[in-house]
Amino acid sequence: MFSRLLSYFGSDIAIDLGTANTIVYVKGRGVILNEPSMVALGLEKGGFGKRIIAVGHDAKSMLGKTPGQIEVIRPMKDGVIADFTVTEQMIKYFIKKVGSQKRLFSIPPTIVICVPCGSTQVERRAIKDSALAAGARKVELIEEAMAAALGAGLPVSSASASMVVDIGGGTTEVGVISLGGLVYANSIRIAGDKVDEVISNHIRSKHGLLIGDTTAEDIKKNIGSAHQTTDVGEFLIRGRNAYQGLPKEIAVNSVEIREALGDTLDQMITAIRQALEATPPELSADLFENGITLTGGGALLRGLDTLIREETGLKVNVAEEPLLCVAKGCGVALDYIADNRLYLNRIK
Ligand SMILES: Nc1ncnc2c1ncn2[C@@H]1O[C@H](COP(=O)(O)OP(=O)(O)OP(=O)(O)O)[C@@H](O)[C@H]1O
Ligand SMILES: [Mg+2]
């Protein structure tokens with residue numbers, strides 16, 4: 001049924017199917033959709049089965065505020081598919097939305113999707129099957145670290161190595177790239193979501209206040225800081241008093257959030273150090289010259305670049321539009337695939 005719906009699709013597309021955000025890039029047009037990877041599900045009339053009520057921005061605006069019969073879920077977890085059926089529905093919804101904007105496509109598209117390098121064969125298969133079920137003619141998977149490097153404009157085909165660290169919602173991917181391939185890739189399931197969780201736990205244990213995911217993320221974006229030189233002032237938050245159950249407002253400050261995040265940020269630094277230790281000496285020399293490039297929404301955490309610079313002694317640079325790098329890089333990969341420049345680590 002859906003292949004009929006997509007029969008007017010022709011331009012090839014790239015999808016960054018992220019834990020936090022899904023971004024769709026269409027060849028020749030750039031990024032044309034950027035929405036949270038969230039789906040609101042409601043009970044069918046009669047109480048049997050569930051149906052989709054909202055997707056993307058609409059679903060995110062319901063987060064934490066839904067009545068009992070509606071739930072907002074994030075079908076991607078830790079960068080891979082946690083709920084196959086809902087992910088497939090979400091991809092279909094986004095592709096349909098993109099296609100209906102300007103009747104963009106006339107034949108089913110080739111879709112490039114990125115996957116975390118630590119994902120299993122089963123998880124990769126699930127992503128591929130979802131896109132095929134959504135009506136793709138052909139699906140190519142590429143590693144997220146490679147997509148991030150391409151999107152950040154790093155000279156991936158050069159003989160001089162570069163390092164990219166993509167900090168998303170679910171995973172932090174560390175990649176060292178030389179001569180068009182990943183010389184080293186590692187993925188840890190510690191990134192933006194973990195930061196939010198640590199902030200929530202801190203607010204509950206230190207201030208006795210229960211807060212929702214959206215508030216935790218707001219704290220991170222408004223006063224989150226990874227380095228003392230980037231601490232900013234206070235931020236007022238509201239939640240429910242854990243003991244009396246009443247609504248309450250308190251002020252939190254940058255310093256306490258930075259201290260609470262110490263261990264989590266240390267784990268990211270450890271992943272970077274491991275990559276540096278595993279890099280062949282000739283390439284280490286290049287990294288000294290070229291430094292580290294940060295991509296993904298996590299790269300926007302204040303002072304994270306300074307912290308990594310201090311801990312590694314290397315230059316650290318935040319890519320332009322870090323949230324869009326992976327999607328743009330998947331778009332570049334579309335061209336490479338069309339030209340048969342197959343040195344990209346394409347995944348079967
Ligand atoms: N200004 C900011 N400061 C700190 N974190 C931010 C900021 N803006 C966005 N983020 C965080 O970036 C993360 C989302 O980044 P991104 O869209 O790159 O992830 P994703 O690609 O969906 O996830 P993944 O790659 O792990 O599957 C979220 O955790 C979000 O809270
Ligand atoms: Mg990502």
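An oxygen atom of ligand 1 lies 2.9 Å from a polar backbone atom of T171, a polar contact being a pair of N or O atoms within 3.5 Å; within protein, one atom must be able to donate a hydrogen and the other to accept it, and residues adjacent in sequence count only if both atoms are side-chain atoms. A polar backbone atom of G169 is likewise 2.9 Å from an oxygen atom of ligand 1, and for a polar backbone atom of G298 the distance to an oxygen atom of the ligand is 3.5 Å. There are 22 residues around ligand 1, of which T19, A20, E144, E217 and K220 come nearest; a residue is near a molecule or strand if one of its heavy atoms lies within 4 Å of it.

The model is predicted: local features need pLDDT of at least 70 and side-chain atom pairs count only at pLDDT 80 or more, while totals for chains, interfaces and linings use all residues. Residues are numbered from 1 along each chain as its sequence is written, chains are lettered from A and ligands numbered from 1 in the order in which they are written, and side-chain values use heavy atoms, with hydrogens and water left out.

T19 is located in the loop between β1 (13–17) and β2 (21–26); helices (H or I, at least four residues) and strands (E, at least two) are DSSP runs, numbered from the N terminus. T19 counts as buried because its relative accessibility is 5%, where buried means under 20% relative accessible area, exposed over 50%, and partly exposed in between (1.4 Å probe, protein chains only). Leaving aside residues up to four places away in sequence, T19 touches S37, R74, M76, K77, D78, G79, G169, G170 and D193, contact meaning heavy atoms within 4.5 Å.

E144 belongs to helix α5 (residues 144–151), whose axis comes within 6 Å of that of helix α11 (residues 325–338) and crosses it at roughly 90°. Axes are lines fitted to C-alpha atoms, for helices over the stretch in contact, and angles run from 0 to 180 degrees between N-to-C directions. On the α5 side, E144, A147, A148, L150 and G151 take part, and the residues they meet in α11 include C325, V326 and Y336. The contact of α5 with α11 consists of 9 nonpolar, 2 polar and 2 charged residues (Ala, Val, Leu, Ile, Met, Phe, Trp, Tyr, Cys and Pro count as nonpolar, Asp, Glu, Lys and Arg as charged, and the others, Gly among them, as polar).

Helix α6 (residues 192–207) packs against helix α7 (residues 213–223) at an angle of about 100°, with the axes 9 Å apart, so α6 is roughly perpendicular to α7. G192, V195, D196, I199, S200 and I203 of α6 meet A216, E217, I219 and K220 of α7. In α7, the buried residues are A216, E217, I219, K220 and I223.

S225 is placed in the loop between α7 and β15. With 0% relative accessibility, S225 counts as buried. The side chain of S225 reaches the backbone oxygen of H227 at 2.9 Å, and a 3.0 Å polar contact joins the side chains of S225 and T230.

Notes
Angles under 35 degrees count as roughly parallel, over 145 as roughly antiparallel, 65 to 115 as roughly perpendicular and the rest as oblique.
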